[in-house]
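Dear colleague,

Please find below the structure that I am handing over to you.

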Amino acid sequence: MDRRLAAIVCADVAGYSRMMGIDEAGTHAAFKAHRAAIHPLILNHAGRIVKHTGDGFLLEFASVVDAVQFGLDMQSLMADRNADLPAERNMRFRVGIHIGEVIIDEEEVFGEGVNIAVRLEAVAPPGGVAVSARAHDEASKHLSVSLTDSGVVRLKTIEEPMQVWTWTAGGETGKQDGSRGSSGSLNYRTAIVGVLPFVNLADAADEYLADGLADDLIHALSLQSFFRVLSRTSTFAFRDRGLSPRLIAREIDATYLIQGTVRRSDAKIRVTAKLIAPETGEQLWTGRYDRDMGDLFTLQDEITTSLCAALMPEIYRAEASVPTRSQTTDATAWDRFLRGLSHYYRPTKTDYERSIALFREAIALDPTLGIAHAYLATILMQGISFGWIKGSRELWNEALALALSGVRLDPRSSFSYAILAFIHAMEGAHDEGLKAARKATELNAYDSGARGVLGLCHMVIGEHQKAIELFSVAAQRGNSDPRYQWPALNAYSHYLLDRYEAALSWAREELFLYPNHLQALTIRAATLAQLGETDQARQAIGVLGERYPWLTLDRHMKNIRWKNQRDIAHYRDGLMKAGLK
């Protein structure tokens with residue numbers, strides 16, 4: 001046996017027995033996940049695990065400063081992890097810390113120092129630490145935060161009353177609290193997405209292909225800033241373990257899971273994927289992709305881009321439709337933003353107006369929330385396209401200011417750069433638009449929306465074949481997101497290349513989705529006129545007059561700021577032939 005002075009930390013979970021009674025398997029899985037996240041902190045502070053208990057652990061530190069700082073860091077970490085979970089799944093530790101003489105026997109630790117730490121843990125606030133006066137006296141001058149004097153406490157089985165100092169995450173945490181409101185804070189990204197290893201249904205030799213697709217999808221999804229994406233290490237550990245999605249999600253704190261399969265037969269490959277909400281088991285989306293095997297990297301990029309384009313709007317919709325969003329005036333900016341997003345995905349004039357109001361509230365609550373700026377700029381532009389609002393100089397100036405703020409606040413967001421490129425291109429700032437669109441695609445090569453906006457930038461400078469290629473790919477992969485109306489833009493480029501039949505097909509495609517789309521209605525009328533369908537063109541102009549009585553030829557053409565004057569004249573000619581005055 002050996003005696004020495006040591007700092008002892010004792011931790012357990014408040015209410016663990018109750019949580020186990022409600023959901024034994026899920027609680028155990030969550031505890032293991034939290035314990036794994038805490039373990040690096042123990043090592044960083046030169047601690048040693050003496051033993052694990054059913055709902056906690058006992059640690060030894062050579063330095064009491066390290067012991068107390070570990071307790072503070074651990075509880076701050078747990079506060080962050082709990083912030084992403086529903087209240088009923090919050091797991092809050094209590095931590096007791098004391099320094100005293102202990103007995104070491106075959107790596108076990110005994111003595112009054114241990115007993116006091118255990119009793120301090122019992123009186124610690126959930127989510128906080130309780131520190132003995134002796135430990136506080138030695139450590140306090142080296143800490144960046146102040147602990148609260150909780151007075152003299154009589155601890156069970158300890159003869160003498162003891163002065164106790166406490167601290168709780170969310171109280172005085174120094175610089176940690178100051179970062180929580182910024183647009184870059186992870187706490188605003190409430191959803192956590194896990195991509196499980198894709199299951200190979202072919203020969204074992206094709207395992208690399210399944211893993212490669214899952215790896216690429218993890219990378220592609222992680223390039224956006226709306227939700228968190230777990231690393232390969234976190235999710236691939238569950239390969240072949242036979243656990244249910246619910247248990248896996250509990251262990252890694254995932255809000256959504258993506259599962260997939262890969263099957264190859266000769267020169268063909270089939271990839272299936274599904275997005276599930278593991279807590280309910282609901283399947284939110286499923287897709288299947290059949291492709292010919294060619295260049296492997298090209299194939300993987302094409303499937304990954306298609307998966308991203310399909311999955312991301314579904315995750316946005318799922319988050320926006322969560323029914324428990326707070327209706328109170330003290331709701332967070334992120335809450336307001338998500339409520340606005342829920343209306344955004346129901347594109348009616350009433351929902352359009354409500355989403356604008358909520359996005360404005362989100363910005364007022366937190367002016368640094370970059371994604372709210374970008375979405376507000378986007379929906380203002382859509383309001384013009386859908387005919388819900390008249391374009392004005394003030395409106396365009398506001399949208400441009402919002403887009404610039406979005407880029408400044410979140411310079412890694414391809415979406416923010418894409419809406420900035422869109423506004424520049426439509427305003428006639430052609431070079432600035434191309435620059436912003438290229439930046440968007442550089443930031444996220446899998447963002448089909450950014451590629452579509454790059455197509456718009458090529459269209460307004462007269463490079464229509466390039467624009468058609470980009471619009472067509474974007475329409476195939478991202479047509480479920482109301483931010484983008486690629487068919488209408490594709491109709492314009494075909495029209496300007498004299499491909500009137502194709503232009504009419506694309507315009508009808510847009511109007512099938514959005515019957516009041518202003519640009520689709522105008523390009524349809526011009527196209528019918530160029531095809532010699534005079535009566536139909538007149539009818540199309542009549543529909544325009546009914547839905548947009550304020551629209552005139554001069555007012556409409558004033559907003560067309562394409563680089564090529566022949567394109568502008570060509571478009572005006574079609575509208576004049578159709579009868580727009």
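Predicted model: local features only at pLDDT ≥ 70, side-chain atom pairs only at ≥ 80, totals over all residues.

Residues are numbered from 1 along each chain as its sequence is written, and side-chain values use heavy atoms, with hydrogens and water left out.

Overall description

The secondary structure of the chain comprises 24 helices and 14 strands; these are DSSP runs numbered from the N terminus, helices being H or I with at least four residues and strands E with at least two. Along its principal axes, the C-alpha trace spans about 100 × 60 × 40 Å. Of the 581 residues, 55% count as buried, where buried means under 20% relative accessible area, exposed over 50% and partly exposed in between (1.4 Å probe, protein chains only). The accessible surface of the chain is about 25300 Å², and 51% of this belongs to carbon and sulfur atoms; such areas come from the Shrake-Rupley method with a 1.4 Å probe, and for residues only the protein chains shown count as cover. Among contacts (heavy atoms within 4.5 Å) between residues at least 6 apart in sequence, 64% join residues at least 24 apart.

Strand pairing around E12

Strand E12 (residues 256–265) pairs with several strands, two strands being counted as paired if DSSP finds at least two bridges between them. With strand E9 (residues 192–195), E12 pairs in the parallel sense over three bridges, and valine 195 has isoleucine 258 as its bridge partner in E12. Strand E10 (residues 199–200) also runs parallel to E12, joined by two bridges, with asparagine 200 opposite valine 262. Strand E13 (residues 268–277), in contrast, is antiparallel to E12 and is joined to E12 by nine bridges. Isoleucine 258 stands opposite leucine 275 in E13. Two residues lie between the strands in the hairpin of E12 and E13, where aspartate 266 takes a positive phi near 55°.

Nonpolar cores

A nonpolar core is taken here as a set of buried Ala, Val, Leu, Ile, Met, Phe, Trp, Tyr and Cys residues joined through side-chain atoms within 4.5 Å. The largest has 131 residues, of which Phe337, Leu341, Tyr375 and Tyr571 touch the most other members. Helix H10 (residues 296–320) gives this core its largest share, eleven residues. Apart from it lies another core, of 36 residues, including Tyr16, Ile42, Phe61 and Val95. Leaving aside residues up to four places away in sequence, phenylalanine 337 touches Phe226, Phe359, Ala362, Leu369, Ile371, Ala372 and Tyr375.

Aromatic pairs

Rings of Phe, Tyr and Trp (its six-membered ring) pair if their centres lie within 6.5 Å; planes under 30 degrees apart count as stacked, over 60 as edge-to-face and the rest as tilted. By this rule there are 17 aromatic pairs. One of them joins tryptophan 334 and phenylalanine 337, a tilted pair with 5.2 Å centre to centre and 35° between the planes. These two residues are three apart in helix H11 (residues 333–344), so about one helical turn separates them. Tryptophan 334 is buried at 6% relative accessibility, and phenylalanine 337 is buried at 0%. The rings of tyrosine 492 and tryptophan 562 form an edge-to-face pair because their planes stand at 80°, with the centres 6.0 Å apart. This pair links distant parts of the chain, 70 residues apart: tyrosine 492 is in helix H19 (residues 486–496), and tryptophan 562 is in the loop between helix H23 (553–558) and helix H24 (565–578). Tyrosine 492 is buried at 5% relative accessible area, as is tryptophan 562 at 8%. Ring pairs also link Trp334, Phe337, Tyr344, Phe359, Tyr375 and Phe415 into a cluster.

Single residues

Most residues other than glycine have a negative phi. Alanine 46, however, has a positive phi of about 60°; alanine 46 is placed in the loop between helix H2 (24–44) and strand E2 (47–52) and is exposed, at 54% relative accessible area. Aspartate 498 likewise has a positive phi, near 65°, and lies in the loop between H19 and helix H20 (500–513).

The structure holds zero disulfides, a disulfide being a pair of cysteine sulfur atoms within 2.5 Å. Cysteine 308 is buried at 1% relative accessibility, and cysteine 457 is buried at 1%.

With kind regards
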